[in-house]
Amino acid sequence: MVQAEDYGRYETAWCPGCGNFALLEAVKEGLARADLAPHQVLFVSGIGQAAKAPHYLNANVFNGLHGRSLPAATGARLANAELKILVQSGDGCNYGEGGNHLLAAIRRNVDVTMLVHNNLVYGLTKGQASPTSESGFATKAQPHGPTAEPFNPLAAAVAMGASFVARGFVGEGEHLAELIKQAVGWRGFSLVDILQPCVSFNKLNTHAWFKKRCYKLSEDYDPTVREAALEKAYEWGDRIPLGVIYRREREAFENKFPATAAGPLGVQPVDSEAFARILEKYY
Amino acid sequence: MSERELNILVGGEAGQGLATIGPLLAKCLVRSGYQVVVTQSYESRIRGGHNTFAVRAGVEEVAAPREAVDVLVALNEETATLHRGELTPRGVVVAEEAFAAGGENVVAVPYKELAAGRYRNVASLGVVTCLLGLPEDLVRQVVEGYFGKKGKAVEENRAALAAAYAWTKDLDPSLARPLAPVTDPPRRLTLNGNQAIALGAVSAGAKFCAFYPMTPSTSVPLTLIAHAEELGLVVEQAEDEIAAINMALGASYAGAPALVATSGGGFALMVEGVSLAGMTETPLVVVVAQRPGPATGLPTRTEQADLEFVLRAGHGEFPRALYAPGTVEECFHLTRRAFETTQRYQTPAFVLTDQFLADSFRAVEPFDAEGLEAVGAFAEPEAVAEPYERFAVTADGVSPRLLPGFSRHLVVADSDEHTEDGHLTEDLTARTRQVEKRRRKEEGLRREVIPPTYEGEPRPEILFVSWGSSRGAVAEAAAELASAGTATATLHFAQVWPLVPEQFLGHLEGAQRVIAVEGNASGQFARLLRAEAGVDVASRVSRYDGLPLTPEYVLRALES
Ligand SMILES: Cc1ncc(C[n+]2csc(CCOP(=O)(O)OP(=O)(O)O)c2C)c(N)n1
Ligand code: SF4
């Protein structure tokens, strides 16, 4: 059995009290419960405080560019469908900079779990509004609050028919670990938006603020009904639902490429007979 | 009387069948044993406009497009009007009766009598191939190879071809322009530059390509897609070029030899990814098919103006190699070479082509499929030191590369500066060591640079310097000057980075006059020679009207 400890313990560059610490522990716990060993797992991330998380985990890591983790994860998945791939992202990384890739990943249904450390602010660049920042959230860059309405990632994902859409909260570690376990066990694209207080730059959506509002979806909530899921996805304010909001069986993206059936692309030889046959077509 | 060489220009509106007749004509000529150089010139639209497909065919080698036209095939009246002035004194016009103005050397074809509407393409192909003296059987085989051998269309095409041959054979023989027959024609492929790039890539073991459509690069992925199932390739149309390059890097990190293909504007979007390839030392081949810029420029025309852009693309410092094929064969071999380089040195390699070469069909000797090994260069998990460090500092700068998921070793790659184990660091000593490690790969790259090709007199009056697709035009211009009595030579670069001055300084210093010939306005390669080798190339021939360099253009420029 894999243990959470197998994923190691590292010194981090995060601020004391940051919600990322609890998130990291939930990731380790979720992977251990899914019985995934570190060498079977690949973390892909971009740039930001959230995107540093893979460096604090004992696993394979491709830490690429701000906003571009989903395409890199998609390529890696196509190249080797035996890897379990998780993307770790901030709300800036993939709801802002890489927004187009999020839409594409949902449409493709790439078998990747995307964990979004949603702190409703840009952490690493010191406190500007992010796509999920609330109206009226004043910053040095947005003295009167964000000029655009906040992005609702769950509603967008449900509306697009994403395969697995969930919300967690770092203040509910046990619940979050279970969500992560379910997400990595799901075949297809899974989005887990994780509410993560930023103690340094978000004085509005604090730990207490979330604690007061978050509630767990009840056992009899059926996540397979899209209309109900959309309604839940829109619930924000006094009450914020946690759990699997929406689920839908879909064909996995990589099945659409016959070449992936032969195993990892990197160890496939050049088929010189096929090559010779193909040359003939140009005669 | 038969000809040893002819230049045939087919012109018409987009949608009139040029895209069918042109390649079929080229293939018929290649199968008959002739060498060809195709030049396609088209407008950025799907219907209408004025497009041309020129085939220069010869019994001996032909290396470049020519401007003077021997046979003008006008699919519409506009073509006849626009190109009549390019005809040689004996030039023939082939056109539909309705608009074939009278006069000598005009073949006025009654297409309506020869074939029904949609089979007229094959009828006009038949008229031309008959005038050129190509056997009807051979042309029919080529047509059936293209349209298939079954169905109603086969009979109709066959009938159209037979009618065209019967009608053309009855013409006044003075209108025919038969090429001297080639006995026992060698078995050659008809390939354009982009097809050869795609084949070169798969021959090297490429398994992954992501792209976003952009002329003139798109036929690279389209060729890969056509063979994807048979060769076990994954090709995905990405949501944008940024996604394309990051997908390719993710795939390559996970072990799949990968390429992306794009053109100027799309490459601009990829630039951050190029830098990521440099930092994470992830192998990647980037094909850039140039077209005239800035911005959208002339989307369907040609230029060689992205040399400096591709050379400098990507923030920070990291080594790279740039190959610039001059022929369709080189498109194949240099793409293979680019894969070898990027796998061995774990740094990006570029293939710089352009619209002219991308679309230029040629007669190509079949590549030997036997000796083609995949170029993957992975370390054995048992052989690496423990704990495994992806960016271990080594003497040649190349660290053993493992693939994630294949062993208990963890493979960590980071776009931040990193320690040897791949984790991000702000330790400035580690930073310095990684900068120096990456730089050391440059030494190996320089040792393997393909030297430029020098041909001609040892101490010439005129030395032409060229790179990439202008190779043929320069070679033919030089040959003409030489036959007129001027001591001439050419120095052609198929690899344009890194440059190793010791390989060519002597040639430059031995010439009385050095002329750089390039398809751009500012002389980018000449500037590079000055920066890298300290030589001032005083004379330049530049072309930047969107058309390829021709021998005539080069010679005219020398006179003025
Ligand atoms: C192309 C590019 N643009 C901008 C940046 C600077 N940058 C780094 S992280 C970041 C935003 C981080 O916010 P988020 O993704 O929400 O992550 P957090 O730090 O809050 O965890 C920005 C703008 C960058 N690294 N790359
Ligand atoms: S800036 Fe905010 S999100 Fe980043 S580590 Fe500090 S508290 Fe956490």
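This is a predicted model: local features need pLDDT of at least 70, side-chain atom pairs count only at pLDDT 80 or more; totals for chains, interfaces and linings use all residues.
**H15 of chain B**

I started with the length of helix H15 of chain B, residues 428–447. Its 20 residues at 1.5 Å each should span 28 Å, and the end C-alpha atoms sit 30 Å apart, so that agrees. (The expected span is 1.5 Å times one less than the number of residues; helices are DSSP runs of H or I with at least four residues, strands are runs of E with at least two, both numbered from the N terminus.)

Residues are numbered from 1 along each chain as its sequence is written, chains are lettered from A and ligands numbered from 1 in the order written, and side-chain values use heavy atoms, with hydrogens and water left out.

Next I asked which residues of H15(B) are buried. They are B:Ala430, B:Gln434, B:Lys437, B:Arg438, B:Lys441, B:Gly444 and B:Leu445. (Buried means under 20% relative accessible area, exposed over 50%, partly exposed in between, with a 1.4 Å probe and protein chains only.) Down the axis of H15(B) the buried residues fall within an arc of 105°, so they line one face of the helix.

The buried residues pack against helix H11 (264–280), strand S12 (321–323) and helix H13 (328–345) of chain B. (Contact here is heavy atoms within 4.5 Å.)

B:Asp427 caps the N-terminal end of H15(B), with a side-chain oxygen 2.8 Å from the backbone nitrogen of B:Thr429. (A polar contact is a pair of N or O atoms within 3.5 Å; within protein, one must be able to donate a hydrogen and the other to accept it, and residues adjacent in sequence count only if both atoms are side-chain atoms.) The backbone nitrogen of B:Asp427 in turn lies 2.9 Å from a polar side-chain atom of B:Thr425.

I then looked up B:Thr425 itself, in the loop between strand S15 (412–414) and H15 of chain B. B:Thr425 is buried at 17% relative accessible area. Setting aside neighbours within four places in sequence, B:Thr425 is in contact with B:Glu417, B:His418, B:Thr419 and B:Ala430.

**H9 of chain A**

Helix H9 of chain A (272–281) has A:Ala274, A:Phe275, A:Ile278 and A:Leu279 buried. Those residues of H9(A) fall within an arc of 145° down the axis, so they line one face too.

**Cores**

The largest nonpolar core has 102 residues, and B:Phe208, B:Phe267, B:Phe493 and B:Phe525 touch the most other members. (Such a core is a set of buried Ala, Val, Leu, Ile, Met, Phe, Trp, Tyr and Cys residues joined through side-chain atoms within 4.5 Å.) Helix H10 of chain B (241–253) gives the largest share, eight residues. I checked B:Phe208: not counting residues up to four places away, its contacts include A:Gly75, A:Leu78 and A:Leu265 from chain A, plus B:Val234 and B:Met247. A second, separate core of 50 residues includes B:Val71, B:Leu125, B:Val128 and B:Ala160.

Most residues other than glycine have a negative phi, and most peptide bonds are trans. Here are some exceptions.

- B:Thr215 and B:Pro216 are joined by a cis peptide bond, omega about 0°.
- B:Gly293 to B:Pro294 is also cis, with omega near -5°.
- A:Asp35, not a glycine, has phi near 60°, and A:Asp35 is partly exposed at 39% relative accessible area.
- B:Gln346 has a positive phi of about 55° without being a glycine; B:Gln346 lies in the loop between H13 and S13 of chain B and is buried at 2%.

Conventions: The arc is that of the directions from the helix axis to the C-beta atoms.
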